[in-house]
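Colleague: Please take a close look at one part of this model for me: the charged side-chain pairs. Walk me through them in one go.

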Amino acid sequence: MSQKKKKEARIEDVSVLDRPSRLHRLLRCNLTRSSAFYFLAFAIPAVMLYLVYVLLRYEEFLPHLSVLKIDMSFQYIYYFRALQDWIQGEGSLIYSFSRALGGEFLGIFTYYLSSPISFIVGLFSREAILDAIMAVYLIKCGLSGLTAAIYLRKSAKVRPLTAILFATLYAMCGFSVVMHINIMWMDGVLLLPLLALGIERLIVQKKYLLFVSTVALNLLCNYYVGYMSCIFAFFYFFYAYFSMSREERNPQNESRHFLRALVRIGVFAVIAVAISAICILPAYYSLSFGKDAFSTPQWIFKSQFPLFDLFVKFMFGSYDTLKYDGAPHLYCGVIIMVLIPLYFIGHAASKRQKICSAAMISLFVLSFSLQFLDLIWHGFQAPNMLEFRYAFMLVFLLLVMGAKVFDRIREFDPRAIIAVTLVLLTLCLAVFYFDYKHVDPYYTLLATVLLLVGETLLLVLCTYPKIKTQLVTAVLTVIVMIESYACACAYMAGQCDEFGYSYDTTFNQYMARWRGEFEYLKERDTDFYRTEKLNYLKYNDSYAFGYRGLAGSTSTFNRETLALLSGLGHTAESHYSYYVGANPVIDSLFGVRYLLNDSAKYIPSLYDHHHTDTEIYTYKNTYALSIAFAADSEVERITLSASTPEDVAEHAAAIAAAPFGMPFASLALFNDGRNVQKIESVSPFDRLNTLVSSILGEEVKLFYPVEFTVTGDDNTEIKTNYVEYHRFGRIEEGKNADVTFTFHGAGTDDIYAYFPTAYTNEAKVYVNGEDYGKYFSKGNRRFLFLGQTEAGKEGSLTLRISNSDNCLWIYKDLQSTASPKPLANCFYALDTELFHEVFTKLAEGNYKITSYTESSFDGTIKTAKSDQTVLTTIPYDEGWQITVDGREIDYHKSLDSLISFRIDEAGDHRVTMVYAPPIYSYGVYITAAGLGTLALCLAFSFVRYRKNKKLSASLPEPNEQPKG
């Protein structure tokens, strides 16, 4: 074919640009160049997302808007700081003591940080961590547009301008905008188009490298979304296979092609999973500490929401919620509402493609609607808000269908386009009639109607051959781009209205204010120790400043560690723990050597002032024990939790027979077949007395009860006739209802308070008239440090009822013989002299560390007797290897959560502890085997290719006569 005929054929093949005008030639010249096409596909969505932040940061909208929204503010930013430290030579990816007491870190890495793009943060300074996160956002957004554009060009075969437009709609869809704060999930979004393309190539061309790479990358970047992508890959194989004609899917006329293609995809999927084992196995190991039992899924066979809600979520700015009871975020341009019906009534797709597309759409609609299917997508665990985390997969499919229609819009009857739009406008009126709370009639509804009418008019104009459709198409493209940008702004503003956000200035100032003091401590004290602070920005401040602490928040939590800290009076529940106040006994047992605060208040008298800089006060706890210390074997008998009611009774009987008699197992968790119940009947101060007595081998009472009286004001009713509780109720709503506790001073001994209850009815706390925050509510059930009150004088603590139930419940003293039974002990004082004596004695058995990393210790310990128990404050984890005098020993679990072990002989011993879970090694071996298998497959393919090439070269040309 001559060059002229080829040029004319290309022009005729263009469905929207009907004649080679100057604009057409310019677009075709630029966009058909690979470099220009790829650059625009990446740059347009990345710039649009950046401009969303730029616009919203104006004073009229969301001033000082930062990337710190929802979980990014609570968790992810701090993990990126830990990754940044590791890249720059500090910390460890294997283990971290910055989470509550300590725990494996590789699980956190595989869930939050394992994307190769995450390592970009290492190029930024610590002060520029917010800019680093923004860079990761923009890169992932741009790559989502790029991969979608590649798929649309290579598989859907649409023209470059169409590919860029719909790729931008994919990268800037409602799901991506509201979920991009879950930065680790965005790798699944950007890899999905390549996964689909890889499956198609494997079916048609038997090329497997793209498929193996994308499946492995999905699982390596984030196993959670990677799991969802594997489900998608399974269904997409059948969708892609049966959407093609026999000639398209089997051009080489291979016999039993379906079976062989199915086997191929299964084999290469196994290879891909094997390659990702280096991340999957550590993730599985991490989940075994508690996340795998995070929730009890309810397998309900009913719709989660009216199906009409799905139509609403395609409308402009239809953000409802990221909490529970919301519908999936499906917005991807109002134009898609017109194009999808046209896909099924027009000729842009074959009959088999329409049937398969309808089946895939139905699959996702059913998955959204039916809870049991939704749970399967989410790994058999109900999501904690942010529901329908796989919705982007349906968005991708719809945009591919819409792009095919848009590219051939000239083939459609304008009456069909108008008819579809009229139906959509009628449905919009129905939305107005049903009065959806998140659909503003003068914003969402009106904007959707205007966009439907305007974009339909332009689509209709494109169907007329006498109109210069290249100009109309360009105008339509610009309008859709502007709409997408405006809706992204609306979605992000709605998200911030619902959850709020942290100011970038607040974060940076906070980091700068505290960083200097932590650097001061690191320079002057290089030992291994824990540090805590009383002023928090978020639970994970320890990662931000690189210190080892008791607080932390992560989705890969250790359930047993949280139970221990909760039982001792700290706030620890769900997936986080919080250092709520200084308690010298807890701090000394767990090796908290330094305590920081932004004032000199709330510091126990046993702490020594150490340093003050930039208004940060640092105190030193000279009684802090080492990470391990010699203890009496009685500590091994203590239990904290039970799994059944029978276990509760058994443990209670065992503890009652113990030498020290205090029921440490008063916090019991058990499942009665319907729900998990929590029983709390003894204060943490009694538990600490029992714990220290067991460690010491003799009974001591570091905390002793302080006498108190309780009164209510005129608006408070006190009832004592309940079996286990006293009830304090507000009589008249709208008025304060105060419950005042008056306690006696203890001289130089610090006083603490704790109110045992299983209820979460919030109250405000005032101590001697000073606001002490909240109590009883989630995150606030804890001990309170009240400081010192002179002997002979009285102090007061007031609980102001502030909950909607208008009441408080506090446990009775069930051991009392009085009638009615009084409240349980709520006020305790710490015996300062006895504390000094006890912890001076315990320090004699300290583990003296000579060298350490975050995942290993080497040092010596002196045991006073044979068969000596050594208690560590390292959370129990079978990944540790412990050797004593060069001989590896077994260890076990004490306090239901901590590692302890025994040393046979008295005297000095060298003890080495190394964290190296065997499952990590298995992951490396399996990944190596997977890569080796892939390499063999590639080598075999290359040899076969060379062989076929030589064979083809030896064959005669079609018109050439064979010699001889």
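Modeller: First, a cut-off: buried means under 20% relative accessible area, exposed over 50%, and partly exposed in between. The model is predicted. Glutamate 634 has a relative accessible area of 13%, so this residue is buried. Its salt-bridge partner is arginine 637, with the closest N and O atoms 3.2 Å apart. Arginine 637 has a relative accessible area of 45%, so the arginine counts as partly exposed.

Now the wider search. The whole structure holds 32 salt bridges. One of them joins arginine 126 and glutamate 90, at 3.0 Å from N to O. This pair links distant parts of the chain, 36 residues apart. Arginine 126 sits in the loop between α5 (106–113) and α6 (129–154). Glutamate 90 sits in the loop between α4 (71–87) and β1 (95–96). Arginine 126 is at 18% relative accessibility, so that side is buried. Glutamate 90 is at 35%, so that side is partly exposed.

Next, lysine 140 and aspartate 187. Their side chains meet in a salt bridge at 2.5 Å, N to O. Lysine 140 belongs to helix α6 and aspartate 187 to helix α9 (residues 186–204), so the bridge ties together parts 47 residues apart in sequence. Both lysine 140 and aspartate 187 are buried.

Last, back to arginine 637 and glutamate 634, whose bridge spans 3.2 Å between the closest N and O atoms. Elsewhere, salt bridges with shared partners join Arg81, Asp85, Glu90 and Arg126 into one network.

Conventions:
Residues are numbered from 1 along each chain as its sequence is written. This is a predicted model: local features need pLDDT of at least 70, side-chain atom pairs count only at pLDDT 80 or more; totals for chains, interfaces and linings use all residues. Side-chain values use heavy atoms; hydrogens and water are left out. A salt bridge is a side-chain nitrogen of Lys or Arg within 4 Å of a carboxyl oxygen of Asp or Glu. Helices (H or I, at least four residues) and strands (E, at least two) are DSSP runs, numbered from the N terminus. Buried means under 20% relative accessible area, exposed over 50%, partly exposed in between (1.4 Å probe, protein chains only).
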